[in-house]
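Have the sequence and the 3D view ready as you read.

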Amino acid sequence: MIKHFLAALSLLLTFSVSGQVPTGPRGGGNNPQMNMGRFYGRVVDDKTGKGVDAASIQLMLNHIDPRTKEKKDSLVGGMLTRKSGEFTLESLPLGGEFTLTITAIGYKTHEQEVSFGVQFGPGMDMSKAMAAADRDLGNIKIEQDAETLEAVTVSASKPLMQMGIDRKIFNVEKNISSTGGTAVDIMRNIPSLNVDIDGNITLRNSSPQIFVDGRPTTLSLDQIPADAIASVELITNPSAKFDASGGQSGILNVVLKKNRKVGYNGGIRAGIDSRARVNLGGDINARQGKINAFASAFLNQRKSKNWGETDRNSLLDQSTTFQQNNGIFTGGFGFTRFGLDYFINNRNTLTISQNISGGNFNRTNYNSMIYGSSDPNNNYFESQYRNTLGGHKFRNYGTSLAYKHLFANPGQELTADITYNRSKSTNFSDIYIRSFNDPEQLDPKFPEQLQNITGSGNNRQIVAQMDYVNPINENMKWEGGLRTQVRSFESNQLNFLNSIPQTALDNEFAYTDYVFAAYGIFSQKVGEGFSYQAGLRAESSKYDGEQLGKERYANSFPISLFPSIFLNKSIGDRQDIQLNYSRKINRPNFFQLMPNTDFSDTLNLQTGNPALTPEFTHSLELSYQKTYGEKNNTFLATLFGKYITNQIARYQSLRPIADTVAFVSSWINANTAYAAGVELIFRNTITSWWELNLNTNLYYSKINGSNIVPDLENERISSFSKLNNTFKFGKGWSLQLSGEYQSKSALPVSTSNSGEGGGGGGRGWMGGPPSTSQGYINANYGADIGLRKDFKIKNNQASLSVNMNDIFRTRRYWVHSESISFVQDEWRRRDPRIVRLNFNYRFGKMDRALFKRKNTRSEGENMQGGMENL
């Protein structure tokens, strides 16, 4: 008791003598939003390692007195350590330089210099300050013997685009052209990614795995609002730490916004587009003591229009088919996320979060077709109308529980989490068919027919993972982890013609797959500027599927090994070279396996193949990065190559369907595939008001499908480029102009492995191009523009923005596909020149005592709180 009283009295006297906390640009006093820093740590006995109770912590800010122009130290924080020796100092100016002083009865006074390493100035990126605002000072040893400890400086610097050991990170919070849209709109501005007219994402001509906050998800990108995303991580060649699934496609990790600032903060947003569809959203975060609570909710309405034509020539009977179609897709979806972090103490955190999303959509599609034949032995003519009314409903639920433990040794940590995702969907299509024997449509071929298709699906996924990182010393560390994943899918499809069941077309399918994995990684810095990382992942996987009442399917790989190696060399003058290799597996996803047939387009029937087996990929990358100029401009060049065995690819063939035959697109395992390319990324700050980002990709691919049809190959060279300009004018005005060009390219050979559930056909309910291994997409290009005005309302930040997509109405997808039986050309256009107007308002208060009442003691235990409880 006496020890506590004397320590508290000493602190009280210090505050009384010190007076007021200084203000000024360096201390952040003129901008309270900069007083958001936090130091925390633990004071321990040098001999026993036990925490020192009631040690006095004083933090002095070193600054220049604006009146006397002399150096001055002012007290900005203080407290008594808890029984464990832990302390926390909050609401500190990020730009300050500090002296930390620790005194305790029976111990020598300990002093050390600390800082956040943030330098304020013109053009500073606020994301740097956010990344540096929370710093662990570790275990601070105090000794009874006289000894001077070395000064410690805590610093951090994180550029806007960072090339890490295995990923590129892009900050997208201030992307203007995607405001009010979905994650698909954001991806149009991410280097390396290509987005087609239907919102399908490809990375180097293959679809990446979709992660949310570092874990697999059942959400698709068009179900995630753009305003909920903080950053996007692109992992083109994942190391052994990551799930080996995904094959040649890499990982696209969407990091959702989340805040841990002391006090409360949040935002509201609203918008409307040129089709009178609204979007609404808001988020709130509150932190006090041991609890950080967060929640967000978004609602997006959609109205999508599409147009297209298809022209097919049959090589079997010299017949031709011409089809025109247009459709309208309306509805809306909601997305909400909430949870809390519980800070057990400075080094142990428990987090629970819940995601809920759902949507209801209606579809109207009008098709008119003309069939004819010039064969004198089989001359005929037919015109047909196919009008489709459909509906689709989905629900997604995701629950995550995570634990994180930070050891006293900097960089040493243990994390464990379990994630449960569930999704379900229902859909229906009512297709009205009328056929005539004459162009004037006066001679009906048969009475109007009604084809009904109903489907449903359920998807469950559970992932449990534990990771451990242990730095052996400042130059070496090893990592290890365990992972379990179990996924189950169910789908069914019922077919009717004029209310008569068509049981031969019905299908019910279910499957479950299991993946058990363990990995180990060792990394080391050797000599001047050289480092390496070597890893090995072992996975055991199994798949069981059943087409109920028809056939069972299964495959298993008891043990598969997936090595990875990364080599980094700094060659001076801010230049780096990286060489990496990995082996991956791509397991078939739900839509690739599901044998339900999509009849909505008679010229492009699609179905899955439950007999598919996984493909294996060997990936190699060589990267060069150069940072130059005073504004840290960046040039990144990457050469990449892939060799794939048992390639999963689209293939279109003539096959029996019920009592007839038709051309159907499905999935096959081709023999091999090769891919290689070069990627160039430039990031340049031209002037203080103009930032330019340029990305160019040149890609070569070749698929060998001779195991299906002799001499079946698809070989193509393609390229695409992206240009993004951001102009910052005075008084809060900014303009973003972006565009992309896609050259003639091979059709994508695989689809997303994100684990989407559903009960539709092989293309998904929204449809897509007839992606086969025998075709290509013609060149196309497009441009988007966005304008934003930033301003303040009662000292809180607000913005008003307007954006338009496809401003030149040039995004028209023209697809050519062929087989031994036909040649087909198809073009489609979707949603050109959509204008969105959006308002965004941010609010908050960095208040440590937000929920604290008098005579209570918060977890932060600041100086005033400490005095109240004496």
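Tyr-342 counts as partly exposed, with a relative accessibility of 32%. On this scale, buried means under 20% relative accessible area, exposed means over 50%, and partly exposed lies in between (1.4 Å probe, protein chains only). You'll find Tyr-342 in strand E19; helices (H or I, at least four residues) and strands (E, at least two) are DSSP runs, numbered from the N terminus.

Before going on, a word on what you're looking at: this is a predicted model, where local features need pLDDT of at least 70, side-chain atom pairs count only at pLDDT 80 or more, and totals for chains, interfaces and linings use all residues. Residues are numbered from 1 along each chain as its sequence is written, and side-chain values use heavy atoms, with hydrogens and water left out.

Which strand gives the largest share of the nonpolar patch? That's E19, with 3 residues, while E19, E20 and strand E22 (413-436) each supply at least two.

Now for the charged side chains. Those of opposite charge can pair when their charged atoms come close. A salt bridge here is a side-chain nitrogen of Lys or Arg within 4 Å of a carboxyl oxygen of Asp or Glu, and the whole structure holds 22 of them.

Take Asp-136 and Arg-347, whose closest N and O atoms are 3.4 Å apart. This bridge links distant parts of the chain, 211 residues apart: Asp-136 is in strand E7 (residues 134-142), and Arg-347 is in the loop between strand E19 (319-345) and strand E20 (348-373). Asp-136 is partly exposed at 26%, whereas Arg-347 is buried at 7%.

Arg-483 and Asp-243 form another salt bridge, at 3.6 Å from N to O. These two are 240 residues apart, with Arg-483 in strand E24 (residues 476-497) and Asp-243 in the loop between strand E14 (229-235) and strand E15 (251-256). Arg-483 is buried at 6%, and Asp-243 is buried at 4%.
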